[in-house]
Amino acid sequence: MPVILIAVLLPTYRGALQQAGTLRDNATEHAVPGFAVMFGLMLVSDAGTTFFRDHSWHTWLRLRSLPVPMPLLVGGKLVVPFLLVLAQTGAVLGFGVLLFDMRIRGSVGALVVLAAVFAAFVVSLTFLSVALCQTLLQLSAVANIFSLAIAGIGGALVPVALLPQPLPALAPLTPTYWAMRGFDVVISDGGGLAAVSPMVGILLAQTAVLGVLGAALFRPSRTKVGWA
Amino acid sequence: MPSSEPVLDIDDAVVRYGNRRVLHGVSLQLRAGQVIGLIGPNGAGKSTLIKAIAGLVPIESGTVRVGGVHVARHPVRARRLMSVATQELAVFPPLTVAENVRGWAALCGIPRPQRHQAVADALAAMQLDELRDRKVVELSGGEQRRTHCAMAIVARPRLLILDEPTSGVDPDTRRAVLEHVRRISATGTAVLYSTHYLQEVEYLDADVLLLSSGRIVAAGTPSELIARYSTATVELTIRDRQADGLAQPRQERRPISDPVTALPMLLKDLTEESGDVVGVAVHQPSLEDVFLRLTQRQRGGSSSVV
């Protein structure tokens with residue numbers, strides 16, 4: 001889906017970036033990471049479903065009876081979503097290079113680190129969403145609205161410079177802003193690990209805040225409603 | 001035979017859901033090789049007791065120890081010694097039977113070299129060999145229940161807790177489950193077996209724990225409970241001497257403590273006093289009679305604890 005959207009919307013992006021005077025290459029340098037970030041955030045709902053599915057199958061109570069500490073149990077359930085987000089981000093960036101002539105000027109290693117930290121943020125957001133929501137419908141609504149909102153405000157859809165006021169001022173509060181800045185530094189500016197470390201640090205801090213909030217609010221014994 | 005050291009030791013456990021007390025000071029000891037049949041009406045607190053043992057609900061007061069390990073303080077260590085098959089069917093539908101059992105064995109921490117044999121044994125015990133490669137979602141309810149039980153037994157725990165394992169299964173499956181419980185208890189596993197089918201408790205030769213409204217209202221072997229709480233009755237058909245020949249014989253039911261010795265005397269007295277006894281049927285009390293008597297008494301407001 002992100003690849004199709006990139007193909008369809010690339011000319012629009014090109015025009016918009018040209019008008020804003022921020023076009024560097026062929027607009028792929030914004031469109032490809034933008035869609036990678038937005039679709040990564042959209043996995044929050046799918047990732048959270050794994051918890052609700054366990055409630056529907058009654059396997060959550062059974063899993064809790066295992067000789068496994070709760071952080072390990074939750075962590076184990078979040079490993080697959082982490083890898084999924086990482087793989088999807090990698091695939092979108094890869095297709096960007098192969099199909100849309102996106103040029104990566106900087107370090108691929110830095111890109112991988114950035115993608116991994118972004119995946120960690122998505123997982124952390126997933127955990128917080130699961131902790132907050134009681135039903136799968138709530139999760140789906142909250143995750144999709146929140147993901148699209150922070151994708152938009154953070155500049156994953158259109159560059160922050162093109163956003164109406166006061167959204168550009170709010171953009172640095174979102175993780176998408178720092179992820180997009182990081183991708184921009186590597187892809188367009190040719191930056192390496194050192195250059196993206198501030199963005200990585202901020203993303204990690206946001207990940208930690210959400211993770212701590214999630215841990216504080218998560219109640220393992222609270223029954224959730226899946227598909228019923 | 002059960003050994004002296006309890007595998008499960010519950011002392012005065014109280015569990016509360018919000019403002020409602022659901023377990024009122026339950027105490028229980030279960031030894032290696034012993035089977036306890038946990039019975040009681042719906043809402044008696046059986047599943048809550050099981051959850052309390054597994055550390056899945058907090059205990060307000062009292063203690064639960066499994067293999068000497070304090071469950072509330074060291075839940076992970078305690079859970080290494082036990083395995084719980086919850087009342088609700090808890091399987092992973094998209095996986096095959098073997099994947100469910102193998103995956104569970106891995107999660108229970110069974111080392112890889114022993115895992116293959118443990119899975120094979122659990123599948124065989126629940127007669128799942130032929131279904132091992134079928135996805136659970138394609139199976140009948142009874143077959144899924146067998147998979148559910150196989151996951152519980154694969155870890156070969158010291159304490160096995162089965163919460164209504166034969167609910168909704170056919171007689172073959174029920175027999176397989178019961179036979180396995182008998183086999184593993186003979187090898188030293190302590191089993192807490194919750195059920196609504198009282199004949200299963202008798203079949204397992206289990207000790208009985210009758211829970212009602214969160215209290216233990218009776219504990220002992222089935223024969224002890226029957227002797228303690230119920231008496232045999234004799235149903236007599238009597239033709240009155242004074243009645244004319246067309247009158248129907250009347251029926252009378254009387255409690256009788258020991259039919260073998262007391263019945264001849266009763267018949268002699270009745271014959272002398274009122275008429276000819278033309279029919280006699282002795283009704284031996286069952287565990288069900290005890291169950292009904294004690295749980296009805298509990299519902300009626302009495303809270304006697306045995």
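Helix H2 (28-41) of chain A is mostly covered: 14 of its 14 residues are buried. This is a predicted model. Chain A has ten helices and zero strands. Chain B touches chain A through 17 of its residues, which meet twelve residues of chain A.

**Chain A overall**

- From the N terminus on, the elements of chain A run α-α-α-α-α-α-α-α-α-α.
- Along its principal axes, the C-alpha trace of chain A spans about 55 × 35 × 30 Å.
- Of the 228 residues in chain A, 45% are buried.
- Take the contacts in chain A between residues at least 6 apart in sequence: 80% of them join residues at least 24 apart.

**Helix H2 of chain A**

- H2(A) has 14 residues, which at 1.5 Å a residue should span 20 Å.
- The end C-alpha atoms of H2(A) are 19 Å apart, which agrees.
- H2(A) is also among the elements that pack against the buried residues of H3(A).

**Helix H3 of chain A**

- Helix H3 covers residues 43-56 of chain A. Its 14 residues should span 20 Å at 1.5 Å a residue, and its end C-alpha atoms are 20 Å apart, which agrees.
- H3(A) bends by about 30 degrees at A:Thr50.
- The buried residues in H3(A) are A:Leu43, A:Val44, A:Ala47, A:Gly48, A:Thr49, A:Phe51, A:Phe52 and A:Asp54.
- These buried residues pack against H2, helix H4 (59-64), helix H5 (70-100), helix H6 (108-132) and H7 of chain A.
- Just after H3(A), A:His58 takes a positive phi of about 65 degrees.

**Helix H10 of chain A**

- Helix H10 covers residues 193-217 of chain A. Its 25 residues should span 36 Å at 1.5 Å a residue, and its end C-alpha atoms are 34 Å apart, which agrees.
- A kink of about 30 degrees in H10(A) is centred on A:Met199.
- A:Met199 is itself buried, and so are A:Val196, A:Val200, A:Leu203, A:Gln206, A:Thr207, A:Leu210 and A:Gly214 in H10(A).
- H6 and helix H9 (175-187) of chain A are included in what covers the buried residues of H10(A).

**Where the chains meet**

- In the contact between the chains, 17 residues of chain B face twelve residues of chain A.
- The side of chain B that touches chain A has twelve nonpolar, two polar and three charged residues.

**Nonpolar cores**

- The largest nonpolar core holds 85 residues. B:Leu8, B:Ile53, B:Val101, B:Ala150, B:Val154, B:Ile161 and B:Leu210 touch the most other members.
- A second, separate core has 62 residues, including A:Ala31, A:Ala110, A:Ala120 and A:Phe127.
- What does B:Ile53 touch, not counting residues up to four places away in sequence? B:Ile53 touches B:Leu8, B:Val64, B:Val66, B:Val71 and B:Ile161.

**Backbone exceptions**

- Most residues other than glycine have a negative phi, and most peptide bonds are trans.
- A cis peptide bond joins A:Gln165 and A:Pro166, with omega about 5 degrees. A:Pro166 lies in the loop between helix H7 (136-153) and helix H8 (167-170) of chain A.
- B:Gln127 is not a glycine, yet its phi is positive, about 55 degrees. B:Gln127 sits in the loop between helix H4 (112-125) and helix H5 (141-153) of chain B.
- Why is B:Gln127 partly exposed? B:Gln127 has 18 other C-beta atoms within 10 Å, and a residue counts as buried at 20 or more and as exposed at 12 or fewer.
- B:Ser213 is not a glycine either, and its phi is positive at about 50 degrees. B:Ser213 is in the loop between strand S9 (207-212) and strand S10 (215-220) of chain B.
- B:Ser213 counts as partly exposed, because it has 18 C-beta neighbours inside 10 Å.

**An exposed loop residue in chain B**

- B:Asn19 is found in the loop between strand S1 (6-17) and strand S2 (20-31) of chain B.
- Because B:Asn19 has 5 other C-beta atoms within 10 Å, it is exposed.
- B:Asn19 and B:Gly109 are 90 residues apart in sequence. In space they are 38 Å apart, C-alpha to C-alpha.

Definitions and conventions
Residues numbered from 1 in each chain as written. Chains lettered and ligands numbered in written order. Predicted model: local features only at pLDDT ≥ 70, side-chain atom pairs only at ≥ 80, totals over all residues. Contact = placed C-beta atoms within 7 Å. Nonpolar A, V, L, I, M, F, W, Y, C, P; charged D, E, K, R; others polar. Helix = DSSP H or I, 4+ residues; strand = E, 2+ residues; numbered from the N terminus. Core = buried A, V, L, I, M, F, W, Y, C linked by C-beta atoms within 7 Å. Expected span 1.5 Å × (residues − 1). Bend = angle between axes of the 7 residues up to and from the residue.
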